[in-house]
Amino acid sequence: GLASVAISSNSIVTHPQQDGPEYMAEEAKLFKYPFPYLYDESQEVAKGFRAVCTPEFYLFKKDGRRPFELFYHGQFDDSRPSNNVPVTGRDLSRAIDCALSGQELPFDQKPSVGCSIKWHK
């Protein structure tokens, strides 16, 4: 059992043409997102998770009756625009495998790299 959700916290006050809910709905339909794509209008979710860029990945796990715990917070993989490294999702995929199998992460978590969040002014 895994579940995914995407959350956009970018300001539509400062970037309405790119990051508004209408644009998000078009993108989700175009790319056939198999998960909910939510909008964080107040930006409280981003602040609560201390997110700084997009995309930023968080993986939570739950063991029995214990509450969800943050298991992984890091990059998708080593790919970057113009570095010629293929997009594989390796880091996140390995973290998911470890969480599902009850293992600890055998690698250091690297922070996400991306565009900074567009904050309200």
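This is a predicted model: local features need pLDDT of at least 70, side-chain atom pairs count only at pLDDT 80 or more; totals for chains, interfaces and linings use all residues.
Residues are numbered from 1 along each chain as its sequence is written, and side-chain values use heavy atoms, with hydrogens and water left out.

Let us start with helix α4, residues 90-101. Helices (H or I, at least four residues) and strands (E, at least two) are DSSP runs, numbered from the N terminus. The expected span of a helix is 1.5 Å times one less than its number of residues.

Which residues of α4 are buried? They are Asp 91, Leu 92, Ala 95, Cys 98 and Ala 99, where buried means under 20% relative accessible area, exposed over 50%, and partly exposed in between (1.4 Å probe, protein chains only). Viewed down the axis of α4, these buried residues fall within an arc of 125 degrees, so they line one face of the helix; the arc is that of the directions from the helix axis to the C-beta atoms. An α-helix has 3.6 residues a turn, so residues three or four places apart point the same way. The buried residues of α4 pack against β4 (57-61) and β5 (69-74). After α4 comes Gly 102, with a positive phi near 80 degrees.

That packing leads us to the core. A nonpolar core is a set of buried Ala, Val, Leu, Ile, Met, Phe, Trp, Tyr and Cys residues joined through side-chain atoms within 4.5 Å. The largest one has ten residues: Phe 57, Leu 59, Phe 71, Tyr 72, Leu 92, Ala 95, Cys 98, Ala 99, Leu 105 and Phe 107. At least two residues of this core come from each of β4, β5 and α4, and α4 gives the most, with four. Leaving aside neighbours within four places in sequence, Phe 71 is in contact (heavy atoms within 4.5 Å) with several residues, among them Leu 59, Ala 95, Cys 98, Ala 99 and Leu 105.

Next, the loops. Most residues other than glycine have a negative phi, and most peptide bonds are trans. Yet the bond from Thr 54 to Pro 55 is cis, with omega near -5 degrees; Pro 55 lies in the loop between β3 (53-54) and β4. Arg 50, in the loop between α3 (44-49) and β3, has a positive phi of about 60 degrees although it is not a glycine. Ser 82, in the loop between β5 and α4, likewise has a positive phi, of about 70 degrees. Arg 50 counts as exposed at 71% relative accessibility, and Ser 82 is exposed at 74%.

Finally, the rings. Rings of Phe, Tyr and Trp (its six-membered ring) pair if their centres lie within 6.5 Å; planes under 30 degrees apart count as stacked, over 60 as edge-to-face and the rest as tilted. The count comes to seven aromatic pairs. Phe 31 and Tyr 33 are stacked, 6.4 Å centre to centre with 20 degrees between the planes. Tyr 33 and Tyr 37 have centres 5.5 Å apart and planes at 65 degrees, so that pair is edge-to-face. Ring pairs link Phe 31, Tyr 33, Phe 35 and Tyr 37 into a cluster.
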